[in-house]
Amino acid sequence: MEYDRENGNTRWRDSEVLEVDQLQEYSVFGDKGYGGSKPTGYNMIRCHLVYDVKHDARHKSRLVAGGHLTDTPLDSVYSGVVSLRSVRMIAFLAEHNEMDLWATDIGNAYLEAYTSEKVCIIAGGEFGELAGHLLVIIKALYGLKSSGLHWSERFLAVLRDMGFKASYCAP
């Protein structure tokens, strides 16, 4: 916020407000109220904001969970990623067949999935009127160990529902 004061603007504060508004829009938390008690079996963790200036000069704040404070899940949390070889193959096939190639960025992608981790936080000042409330994390918040896997599973389910099938050579 010191940068905002020095520069006579509210870019970083606005980015924080936008991030918290989007977390509420995606119903990321279950609110247990001010001074609420931690549910049985849940771990209390911390979150922090990560700041970035995007290539188009937008100021971005991202709330990241302290997943390092949780036990490693017994189930695998591995989430595959596309290989450079697969991207090259798709680009080649699109060009060879005179097809358009499209790509996109899915904003707040992880927040489309639910988490299986039992974690909660005490909301900080950036949460406005929710400051001091006990919030149970119910969506795959960035920083949790299983969030990548849960997002990947959700994305694959949506693609299957749309009729897409995995490639045999690059699933």
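Which residues lie nearest the centre of the largest pocket?

## The largest pocket

They are Val 82, Ile 90, Phe 155, Leu 156 and Leu 159, part of a lining of 45 residues. A pocket here is an open set of points on a 1 Å grid over the protein atoms alone, where a 1.4 Å probe fits and protein lies on both sides within 12 Å along at least five of seven lines; lining residues have an atom within 4 Å of a point. The volume is about 1,900 Å³, taken as the space filled by probe spheres set on the points, which are joined across faces, edges and corners.

Helix α4 (147–161) supplies at least two lining residues, as do α2 (11–25), β4 (59–65) and α3 (84–96). The most come from α4, with 7. Helices (H or I, at least four residues) and strands (E, at least two) are DSSP runs, numbered from the N terminus. By class, the lining holds 23 nonpolar, 13 polar and 9 charged residues; Ala, Val, Leu, Ile, Met, Phe, Trp, Tyr, Cys and Pro count as nonpolar, Asp, Glu, Lys and Arg as charged, and the others, Gly among them, as polar.

## The sheet

Four strands form an open, mixed sheet in the order β1-β6-β5-β2, with β1 (29–34) and β2 (43–44) at the edges. Pairing requires at least two DSSP bridges between strands. Strand β2 runs parallel to β5 (119–122) over 2 bridges, and Asn 43 stands opposite Val 119.

## Confidence and conventions

This is a predicted model: local features need pLDDT of at least 70, side-chain atom pairs need 80 or more, and totals for chains, interfaces and linings use all residues. Numbering starts from 1 along each chain as its sequence is written, and side-chain values use heavy atoms, without hydrogens and water. The chain's mean pLDDT (the predictor's confidence in each residue, from 0 to 100) is 91, and 98% of its residues reach 70 or more.
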